[in-house]
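Let us walk through this protein together, from its overall build down to a handful of residues.

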Amino acid sequence: MIQILIVEDERPIANLIRMSLRRAGYCCHCAFDGQEALAMTEKSSYDLVLLDVMLPGIDGFTLAEYICPKQIPVIFITAKASVMDRVKGLRMGAEDYLVKPFDVLELLARVEVVLRRYHKLDARIEVGGLVIDTLSMTVTREEQEIRLTKTEYDLLLLFARNPRIALYRETIYERVWNEEFPYGSKAVDLHIQRLRKKVGWEHCLKAVNKVGYRLEV
């Protein structure tokens, strides 16, 4: 399982991030100051570090100088929004820089992108009776392959990697179609109806009133 270290001194924010990532299937640990985070990275191996800049003890930029050479990807999550701070963080080797306040779905998307870049996401996902092989882009149920279009596959993968999270139609469209959601579009609803039937998710891929859809498995 993917191991993520959250380094954030504001406990409510740290707990929100941890809860959201755990619901998405990641194993999370928290450090609430720079010294604690340094000790944890020396004792354990992590697949990703989410790092605040303004920390007690050792600040995030200093901590990144130690973490990045260990080939552990880092995403800065901070209220420091100036261009110079972003440039500094990225030049130090961070993979991304997310400014507070942020949307949880945006955080999940950025985490997924970085993990994919480092080839750390599971090549095989088992969810809702399906087996998804992300290398061959095939989907099977009881060893029988289910033929999906590229859009249907991307839609399935989005829900498989974000179980029990209500996804807005706009977010689904933007993540799968890679373009801005057209007002009034029924594309998401129509594709989900077809996907439900193809993969047998009629009862677990549920509509969320005035929001979108959620995978319950």
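**A guided walk through the fold**

Glu143 counts as exposed, because its relative accessibility is 75%, and over 50% is what exposed requires. Please keep in mind throughout that you are looking at a predicted model. Glu143 sits in the loop that links strand S8 (138–141) with strand S9 (144–145). Its backbone deserves a glance too: phi is positive, about 70 degrees, although the residue is not a glycine.

Gln71 has a positive phi of about 65 degrees, and Gln71 is not a glycine either. You will find Gln71 in the loop between helix H3 (60–67) and strand S4 (74–78). With a relative accessibility of 58%, Gln71 counts as exposed.

Now step back to the whole chain. The protein contains eight helices and 12 strands. Its C-alpha trace spans about 55 × 40 × 30 Å along the principal axes. For 217 residues, a compact globule would have a radius of gyration near 17 Å, and the 19 Å of this protein agrees with that. Of the contacts with a separation of 6 or more, 56% are between residues 24 or more positions apart.

What does the surface look like in numbers? The accessible surface comes to about 11300 Å², and carbon and sulfur atoms account for 50% of that area. Of the 217 residues, 48% count as buried. As for charge, there are 31 positive and 31 negative side chains, and the centres of these two sets lie 4 Å apart.

Let us go inside, starting with strand S1 (residues 3–7), where Leu5 is found. Leu5 counts as buried, because its relative accessibility is 0%, and buried means under 20%. Leaving aside residues up to four places away in sequence, Leu5 touches His29, Cys30, Ala31, Ala37, Met40, Thr41, Tyr46, Leu48, Val49 and Leu50.

Another buried position is Ile192, again at 0% relative accessibility. Ile192 belongs to helix H8 (residues 187–199). Beyond residues up to four places away in sequence, Ile192 touches Leu155, Phe159, Leu205 and Tyr213.

Leu5 and Leu205 are 200 residues apart along the chain, and 30 Å separates their C-alpha atoms. Leu205 is also one of the residues that Ile192 touches. From Ile192 to Pro69, 123 residues apart along the chain, the C-alpha separation is 43 Å.

The last stop is the loop between strand S5 (96–99) and helix H5 (104–117), which holds Pro101 as well as Lys100. Which form does the peptide bond from Lys100 to Pro101 take, cis or trans? This bond is cis, with omega near -10 degrees.

Is the lysine here buried or exposed? Lys100 counts as buried, because its relative accessibility of 15% falls under the 20% limit. The side chain of Lys100 is joined to that of Glu8 by a polar contact of 2.7 Å. Besides Glu8, the residues touched by Lys100 are Glu10, Ile13, Asp52, Ile77, Thr78 and Ala79, not counting residues up to four places away in sequence.

Note on methods. Residues are numbered from 1 along each chain as its sequence is written. This is a predicted model: local features need pLDDT of at least 70, side-chain atom pairs count only at pLDDT 80 or more; totals for chains, interfaces and linings use all residues. Side-chain values use heavy atoms; hydrogens and water are left out. Helices (H or I, at least four residues) and strands (E, at least two) are DSSP runs, numbered from the N terminus. The radius of gyration is taken over C-alpha atoms; the globule rule is 2.2 Å times the number of residues to the power 0.38. Buried means under 20% relative accessible area, exposed over 50%, partly exposed in between (1.4 Å probe, protein chains only). Contact means heavy atoms within 4.5 Å. Accessible areas come from the Shrake-Rupley method with a 1.4 Å probe; for residues, only the protein chains shown count as cover. Lys and Arg count as positive and Asp and Glu as negative; His and the chain ends are not counted. The place of a charge is taken as NZ of Lys, CZ of Arg, CG of Asp or CD of Glu. A polar contact is a pair of N or O atoms within 3.5 Å; within protein, one must be able to donate a hydrogen and the other to accept it, and residues adjacent in sequence count only if both atoms are side-chain atoms.
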